Structures are given as C-alpha cells and as structure tokens.
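This report walks through one protein model, part by part. Keep the sequence and the 3D view at hand while reading.

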Amino acid sequence: MNKTLREFPQDIQLYLMESFGFPVTIEKLSGIKSDGGCHRLRFEDTSVIVKQMKEPQEYLFYKECTKYLQDFESHIPSLLFSHKEEVDHWIIIEDLEKPLPKDRWFADKEVLQVLFKFHTRTWGKDLPLKSPYSPSWQDEMNHRVLELLPNNIRGQVEGDLFRLQREAKDLFKPICWLSGDTNPTNWGIRRDGTVVIFDWERICTGSPAIDLAITMPGLGSDDGNLESLIASRYMSMWSELSYELPFTEEKLIKDIKLAKLWSVVEFLAKNWTTLEHEALSNILDKLITRLMKRP
Ligand SMILES: Nc1ncnc2c1ncn2[C@@H]1O[C@H](COP(=O)(O)OP(=O)(O)O)[C@@H](O)[C@H]1O
Ligand SMILES: [Mg+2]
C-alpha cells in the first residue's frame, strides 16, 4: 500500500516539506522481499527514496560506515536525512531513477569495477558496527531445504548439500567488507553514468566471491562461463595493483559457484514461508538440477 505523507514520522514530513515542498506522488517500491518499507516520493523538480527499517544495519551503514569509504562515496546513494524512532529507523536517500538495464546483469565491467574498488578499499578492515549481518551456512539451513524437497530427491542430494557446506567454509572468513546483496535489482545508474549500489542492510565481511556470485541472476550459468568471466574480469583488475589477490582464478571460480549455491540455500531457508508456491518450486527445481549435475 502506498503511504500518504501524513503516515511518515513528523521529522520526515518536515524535512521533506522544507526541502522539496509537497510531494506530487508517493509510490511504494518493492525489492526481493515483499515487506520492504521503501517509497519513491516525487516532487515538482526532484524525487527521493524514503526507506523504513526495523533492523538498524542499513541506517548505521549510512551513518557510521560511509565515512571510511571516502573515494567510494560516488557509488553509494547520498544520504539526505536520517531519523530514528523507538523501533523503526528511517533514511532518505538519493533516487537512482535508472535501474541497471537487463543487458548489464551479466559480468558487467563497471559493476565488477565498483565491487573491486569496494573490496580493495576495505581489505582486512573490521566493520565499525556492533551486530552486522553475518553470513554463514548452518546445518539448519540444509535441513530446512531438504524438508522442502520431494522424498525421492532428498536422499539423492543430502550428501552433496553437506559436502558443499564444508567446501564453502572459506567464504565466511572476514577478508573485506561486502555489500552482501549485490543482486541486479540493487543497482542504479546516475545521470552521469556512474554505477551506484544501494540496499545495504546486509553489509558484512567475508570473501569477495559472495558479492561476485550474487551479481548473477538465478543460479548463475549452467555451463560455468558466466562465473569464469566474472572471475577473470575481477582478477585482471587485481593485476593492475602491485599486490596479488591471495587466491588463484581457479579458486575464485570455485568459490563463486559455492557462494551462489550458499546464497540460494540461505534464501530458501529464510524465505520459504513467504514465497509464492510457483516461485518456491521454481527455485527448488533449479537447485535440484544443479546439485544433481555436480561431480
Ligand atoms: N536509492 C534508490 N534509487 C532508486 N531505487 C531504489 C533506491 N533504493 C531502493 N530502490 C528501489 O526500491 C526497491 C527496494 O529497495 P531495497 O533497498 O532494494 O530494499 P529491499 O530489497 O530490501 O526491499 C529496489 O529494488 C529498487 O527498485
Ligand atoms: Mg533490494
């Protein structure tokens, strides 16, 4: 449901009215999650995004983390205003009206360059947040996903799932900061062409392979070509630096594939109750096919 201006907290209303006047339209935007509290407010000469959240991480990212990212700031929406209430946190941020076009959803060089810049600027650094999202692959996630599978399939993929979980351990070592949600709907293009990434509620630390994997729609490519292209483009950016990435291209390709499978397992385990039946069975089918195909 679209909100009316009066349904926003008074401080937000005041900021908006004083800065831009009365909104012409207020439109609810939905991301991957259907419960998102994101609105686009259009005014006579501009538009802004107002985002409401229960968990404080994204609010804290804009308030506490962006100051450590000085020469990366152009790739993050500008924070115009923030507001904290007892339960909810609010941010008003720059509207990137142009989404990343679909023909740029696959190993886009500028997208990878932005991630490369973000990862290298934050390499080895701690996050200045008390309880950020922490990516992990827990046994319970496997059990949950296995319960969603038909009986005859469960036994066939159970071993693979637990093997993949063990192989994926390296992904969760704190190597650098991650957006944690680089999916193609979380990118926009500024008028001057700058590629910008938003939706920072999963800011965390881990392996760059996680951010690289999540840029791929769905489960990535069947033949592995997309994963290889992402890895080779990312590695070639490193080769321009005087120090080397502490893993080989082969390892990065393997980790991107593992990270994609982990992200799907995590997504299913967290969202299975709210997904529409068709969407759920669609993802499960793809996951089964992928698990059965693995050597
Ligand atoms: N700064 C922004 N500029 C343009 N669109 C945005 C911006 N922030 C969010 N959106 C839009 O709102 C949707 C939901 O916001 P997002 O921050 O991704 O939340 P979530 O995915 O957690 O619901 C996005 O997919 C995008 O379409
Ligand atoms: Mg999103």
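## Two domains

Domain bounds here come from an automatic or database domain assignment. On that basis the protein is divided into domain 1, residues 5-95, and domain 2, residues 102-293. This is a predicted model: local features need pLDDT of at least 70, side-chain atom pairs count only at pLDDT 80 or more, and totals for chains, interfaces and linings use all residues. Residues are numbered from 1 along each chain as its sequence is written, while chains are lettered from A and ligands numbered from 1 in the order in which they are written.

How far apart do the C-alpha centres of domain 1 and domain 2 lie? The separation is 26 Å. Contact between residues means that their C-beta atoms, placed from the backbone, lie within 7 Å. By that rule, 17 residues of domain 1 are in contact with 21 residues of domain 2. Helix α2, residues 57-65, gives the most to the domain 1 side, with six residues. Helices (H or I, at least four residues) and strands (E, at least two) are DSSP runs, numbered from the N terminus. By class, the side of domain 1 that touches domain 2 has nine nonpolar, five polar and three charged residues. Here Ala, Val, Leu, Ile, Met, Phe, Trp, Tyr, Cys and Pro count as nonpolar; Asp, Glu, Lys and Arg are charged; the others, Gly among them, are polar.

Two strands pair if DSSP finds at least two bridges between them. Five strands form an open sheet in the order β1-β2-β3-β5-β4, and the pairing is antiparallel. Its edge strands are β1 (25-29) and β4 (79-84), each pairing on one side only. From one strand to the next, the twist averages 20°.

Now take the pairs in turn. β1 and β2 run antiparallel and share five bridges. Thr 25 has Arg 42 as its bridge partner in β2. Strand β2 (residues 37-42) is joined to strand β3 (residues 47-53) by six bridges, again antiparallel. Arg 42 is also bridged to Ser 47 in β3, and Cys 38 stands opposite Lys 51 in β3. A hairpin of four residues links β2 to β3.

How many bridges join β4 to β5? There are five, and the two strands run antiparallel. Ser 82 stands opposite Ile 91 in β5. Four residues make the hairpin that joins β4 to β5.

Helix α2 returns here. It lies across β3, β4 and β5 (89-94), running at about 130° to β4. Axes are lines fitted to C-alpha atoms, for helices over the stretch in contact, and angles run from 0 to 180 degrees between N-to-C directions.

## The three-stranded sheet

A second open sheet has the order β6-β8-β9, with antiparallel pairing. β6 (98-99) and β9 (195-197) are the edge strands, and each pairs on one side only. Strand β8 (residues 187-189) pairs with β9 over three bridges, in the antiparallel sense. Gly 188 has Val 196 as its bridge partner in β9.

## A helix pair

Two packed helices are described by the angle between their axes and the distance between the axes. Helix α4 (residues 139-148) and helix α8 (residues 249-271) pack at about 75°, with their axes 9 Å apart. α4 and α8 are therefore roughly perpendicular to each other. Angles of 65 to 115 degrees count as roughly perpendicular, under 35 as roughly parallel, over 145 as roughly antiparallel, and the rest as oblique.

Which residues of α4 and α8 meet? From α4 come Met 141, Asn 142, Arg 144, Val 145 and Leu 148; from α8 come Val 265, Glu 266, Leu 268 and Ala 269. By class, this contact has six nonpolar, one polar and two charged residues.

## Two asparagines

A residue is buried if 20 or more other C-beta atoms lie within 10 Å of its own, exposed if 12 or fewer, and partly exposed in between; C-beta atoms are placed from the backbone. Asn 225 lies in helix α7 (residues 225-238). Asn 225 is exposed, because 12 other C-beta atoms lie within 10 Å. Its C-alpha atom is 21 Å from that of Ser 207, 18 residues apart along the chain.

Asn 183 sits in the loop between β7 (176-178) and β8. Asn 183 has 17 C-beta neighbours inside 10 Å, so it counts as partly exposed. The C-alpha atoms of Asn 183 and Asp 160 are separated by 25 Å, and the two are 23 residues apart along the chain.

Technical notes: Contact = placed C-beta atoms within 7 Å.
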